[in-house]
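Open the model in a viewer and follow the stops below in order. Each stop says what to select and what is found there.

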Amino acid sequence: MKAACITGHGGNEVVEVRDCARPARQAGEVLVRMHAATLNQVDLYMRNSGAGITHQLPQIMGVDGAGVVEEVDAAESELSVGQRVAVYPGVSCGRCEFCQRGEGVLCVKMQYLGEHRNGTFAQWISVPTSNVFPMPKGLSFVQGAALGVNHLTAWRMLCTKAQLKPWETVLVFGIGGGVSLAALQLAKTMGAKVIVTSRDEAKLQRALQMGADHGIHSGTQDVAKAVLALTGGRGVDVVIENVGAAVWSAAMKSLVRGGRLVTCGATSGDQPPADLRRIFIRQLQILGSTLGDPSEFRDLLVFVERHGIAPVIDSEFPLERIHEALNRLESGQQFGKVGLDLE
Ligand SMILES: [Zn+2]
């Protein structure tokens, strides 16, 4: 089968589309014929360095994906051959303190597809049955694939961490990225008001068309001042951000007393000034978040189907053109997910 592999550390040439052996399904696993996957920031990290991530070489890339069940245990009751499914990207140990508490996403031995074990940029994948979920009706495979990382991350940030209420206002930094767009879609559907920022006027306009209540041009406007002006001097209840240092100060100044800032990334740097006085006097909460649990993925899939949410796809490339796809993601020009067609 064809698969996109990491064959070394650092540089475009370490990503190769190769002929690999089709995985042999073990008992307790499901063999999925993959139809689509999408690219995530971690794919760029794996290509550019991969430092700090333990894995073998070569390893198949790809964290999220969707396809069709091809083979499963005869006794399996929830999945059937031919079913359209989305893949949950983490395989937890089931035995550590955190797994036993039911918080598998905190597992100390967590193995992510495409990071610690073979991933989804392949024509077939075999994963534990508990990693595979029925796809919401009405979505294409690439849209189903997009739910596994970005929408799941945004779901945990908004629901589990921030505990967003329908009457609250959310500020989402850097609209156009996968998590930011997912947060916009989910928060609007939950009934909240959403303010978005971008340095790109065209992205702000598209976000407004998708239902954002306000757009702030972060290249020409002071974001915190604009947020206060838009909220009658009050500030927002929740900030969703993955930009890091470049926006941290504006994010903190945009929060109402008792507000919650949820961060899931730091692409512009991870050591901003803490602004401790503001945190304790205004009783702010800073919450870190990564991905989500299988139980949250299940809830997300129900919500997506019930409300007809469709992830935004920027572009889709055949597997052979993975370098173009990675470059598209790295450019920051995209609006929505960069997909891979694996059919
Ligand atoms: Zn564990």
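What is the geometry of the site of the zinc ion, judged by the angles among its 4 donor atoms? The site is tetrahedral, with angles of 103 to 117°; four donors count as tetrahedral if all angles lie between 85 and 135 degrees.

Before going on, note that this is a predicted model, in which local features need pLDDT of at least 70, side-chain atom pairs count only at pLDDT 80 or more, and totals for chains, interfaces and linings use all residues. Residues are numbered from 1 along each chain as its sequence is written, and side-chain values use heavy atoms, with hydrogens and water left out.

**Stop 1: the zinc ion**

Select C93, C96, C99 and C107 and show their SG atoms, which coordinate the zinc ion at 2.3 to 2.4 Å. Donors here are N, O and S atoms within 2.8 Å of the metal (3.2 Å for Na, K and Ca); water is not among the atoms, so sites may look incomplete. Along the sequence the donor residues follow the spacing C-x2-C-x2-C-x7-C. C96 is in the loop between β7 (90-91) and α2 (97-100), and C107 is in the loop between α2 and β8 (111-112), so this pair ties together parts that are 11 residues apart in sequence. Helices (H or I, at least four residues) and strands (E, at least two) are DSSP runs, numbered from the N terminus. C96 counts as buried at 11% relative accessibility, and C107 counts as buried at 8%. Buried means under 20% relative accessible area, exposed over 50%, and partly exposed in between (1.4 Å probe, protein chains only).

**Stop 2: C264**

Next select C264, which is in no disulfide; the nearest cysteine sulfur, that of C159, is 14 Å away. The whole structure has 0 disulfides, a disulfide being a pair of cysteine sulfur atoms within 2.5 Å. C264 is partly exposed, with a relative accessible area of 24%.

**Stop 3: aromatic rings**

How many aromatic pairs does the structure hold? There are 3. Rings of Phe, Tyr and Trp (its six-membered ring) pair if their centres lie within 6.5 Å; planes under 30 degrees apart count as stacked, over 60 as edge-to-face and the rest as tilted. Select F133 and F297: this pair is edge-to-face, at 5.2 Å centre to centre and 85° between the planes. F133 is in strand β10 (residues 132-134) and F297 in helix α9 (residues 294-307), so the pair ties together parts that are 164 residues apart in sequence. Both F133 and F297 are buried.

**Stop 4: charges over rings**

Select R84 and F141: the charged end of R84 sits over the ring of F141, 4.2 Å from its centre. The criterion is NZ of Lys or CZ of Arg within 6 Å of the ring centre and within 35 degrees of the ring normal. R22 likewise lies over the face of W124, 4.2 Å from the ring centre.

**Stop 5**

Finish with L139, in the loop between β10 and α3 (141-161). L139 counts as buried at 8% relative accessibility. Beyond its neighbours within four places in sequence, L139 has contacts including R84, V304 and P311, where contact means heavy atoms within 4.5 Å. Q143, in helix α3, counts as buried at 17% relative accessibility.

Conventions. Four donors count as tetrahedral if all angles lie between 85 and 135 degrees; four count as square planar and six as octahedral if opposite donors are over 155 degrees apart and all others between 65 and 115; anything else is irregular.
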